[in-house]
Structure formats: C-alpha cells, structure tokens
Amino acid sequence: MATASAEGPVKRHPLAVTAVLSVVGYVLVLGSFAGIVDIFPPIGEETVLLFSDAIAVINSLALTALLVGYVLIRRGDVWRHRAAMLTAFTLILGFLVLYLWKIGGGFEKSIVIREGQFLGAYAGIIEPIYLLMLAIHILLSAVAVPVVIYPVVLGLTHTPAELTETAHARIGRIAVASWSLSLFLGVVTYFLLNHVYSWVPR
C-alpha cells in the first residue's frame, strides 16, 4: 500500500503518528458530544436528516471499498488494494466531518418503536437488540481508530517490499474485520432508526 521509501519522521515513528492522530480524532468526537468543541454552525432538522442519509451512503460506499480492497490484496493486486483502502479511508474522513457537524450543530436521535410498526408488538425485544447493535457499532468505531490509522500510515510511508517487514498485514486484517462490522452495523441501525421505526431528538 505504499510508494515512499525515503526515511522520514512519519516513517520512523508510525506508532507515535498513529497515537497523535487517534487522540485528535477522539478529542474532536468527545468534544463535540460534550459541547466543548463548538466549531460547527447550527443546522436544522432537515439538514440533520440529510446528513444522516449522506452518512449512511458514505458508510455503505466505505464498506464496499474496504471489502473490495481486502479481496484485491488476497489476489496480490497491491496497487488496486491501495487505491481501494485509501478510498475507504477518505470516505470515512468525509463521514467524520458530517457526523461531527450533525452532533455539534444539530442533534442525535433516539429510536421509538410503536404498535403498528414492523414487529412493534415486540418492542421489548427489538429495542434492546437495536441498542446492542448500536453499542457494538460505537465500541468498534472507537476501538478501530488507531487500528485503522496504523496500517494506513505504514502503507503511505513504506514500499510494498518494506511492508512485509512491518505489522501492516496483521493489523490490517484486524482493521478490516472491526471496521467492516462497525460500518455494517452503522448502516443497519440507521435503516431501523430512519426507515423502519420512529425517532425523537435527544
């Protein structure tokens, strides 16, 4: 996943770079939730809904690119693998901007399951399943940050030959598994919240 072979600080210290970028990401997300990072203009309900739809599309495209990238590297197609993984990573950066803006300038939504809706009579079962999927999605999203950034940093700073001497492939497999499940659950919970059941702002 790489082209660079010249030594530089990023190449020499990929773990440190990963740690710094991960901390920046965590600060932005947690700061937006806490209202401390107040850099996003306020948005109305229509824009929040638009952002929710756009985020679902971005996550679906990122999941597709991620799985394509995995298949490509299994076939030994390093350069197309690199393109697919960088596409997935770029899409996730786009997701992060929209998600933080939705949280920082708008609001989050809570699911409401009513009688008459799909399996509404089983709300006592459906809602905990939804919340469990959401919790797994959020946990994997948080854990995946450094696990995703590290192989990307390695891939951008090492040649394919050099990558064989690093943890790129091993950590990359973990990243693909955790990131794919997180993205999949994110799309499923979006669909349930926005197109199957109802929601209220929180």
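Predicted model: local features only at pLDDT ≥ 70, side-chain atom pairs only at ≥ 80, totals over all residues.
Start with the layout. The protein has 7 helices and 2 strands. Read from the N terminus, the order of elements is α-α-α-α-β-α-α-α-β. The C-alpha trace spans about 60 × 40 × 25 Å along its principal axes. The chain holds 202 residues, and buried residues make up 43% of them.

Next, the annotated spans. The UniProt entry is unreviewed, and under "transmembrane region" it lists residues 15-37, 49-71, 83-101, 129-153 and 174-193. Two of these spans can be checked against the model. Residues 15-37 are 87% helix and 0% strand. The end C-alpha atoms of that span lie 26 Å apart. Residues 49-71 are 100% helix and 0% strand. Here the end C-alpha atoms are 33 Å apart.

The largest pocket has a volume of about 1300 Å³. It is lined by 44 residues, and the closest to its centre are Val29, Phe95, Leu96, Tyr99 and Ser141. Helix 5 gives the most, with 13 residues. By class, the lining has 31 nonpolar, 9 polar and 4 charged residues.

The second largest pocket holds about 490 Å³ of space. Its lining counts 23 residues, with Ile73, His81, His168, Ala169 and Gly172 nearest the centre. Helix 3, helix 4, helix 5, helix 6 (160-163) and helix 7 each give two or more residues to it. The largest share comes from helix 7, with 7 residues. Of the lining residues, 16 are nonpolar, 5 polar and 2 charged.

Turn to the packing. The largest nonpolar core has 29 residues. Within this core, Leu66, Trp179 and Leu183 touch the most other members. The elements that give two or more residues to the core are helix 3, helix 4, helix 5 and helix 7. Helix 4 gives the most, with 9 residues. Leucine 66 and threonine 87 are 21 residues apart in sequence, and their C-alpha atoms are 8.3 Å apart in space.

A search of the whole structure finds 4 salt bridges. Three of them are followed here.

Begin with glutamate 162 and lysine 11. They form a salt bridge, and the closest N and O atoms are 2.9 Å apart. The pair links distant parts of the chain. Glutamate 162 sits in helix 6, lysine 11 in helix 1 (residues 9-12), and 151 residues separate them. How exposed or buried are the two ends? Glutamate 162 has a relative accessible area of 27%, so it is partly exposed. Lysine 11 has 7% relative accessibility and therefore counts as buried.

Glutamate 108 takes part in the other two. Its side chain meets that of lysine 102 in a salt bridge, 2.9 Å from N to O. Lysine 102 and glutamate 108 are both buried. Glutamate 108 also forms a salt bridge with arginine 202, where the closest N and O atoms are 4.0 Å apart. Buried means under 20% relative accessible area, and exposed means over 50%. Arginine 202 has 56%, so it is exposed. Glutamate 108 has 15%, so it is buried. Through shared partners, salt bridges join Lys102, Glu108 and Arg202 into one network.

Technical notes
Residues numbered from 1 in each chain as written. Heavy atoms only, no water. UniProt positions renumbered as here; feature names shortened; annotations may be inferred. Helix = DSSP H or I, 4+ residues; strand = E, 2+ residues; numbered from the N terminus. 1 Å grid on protein atoms, 1.4 Å probe; cavity = no way out; pocket = protein on both sides within 12 Å on 5 of 7 lines; lining within 4 Å. Points joined across faces, edges and corners; volume = space filled by probe spheres on them. Nonpolar A, V, L, I, M, F, W, Y, C, P; charged D, E, K, R; others polar. Buried < 20%, exposed > 50% of the residue type's maximum accessible area, 1.4 Å probe, protein only. Core = buried A, V, L, I, M, F, W, Y, C linked by side-chain atoms within 4.5 Å.
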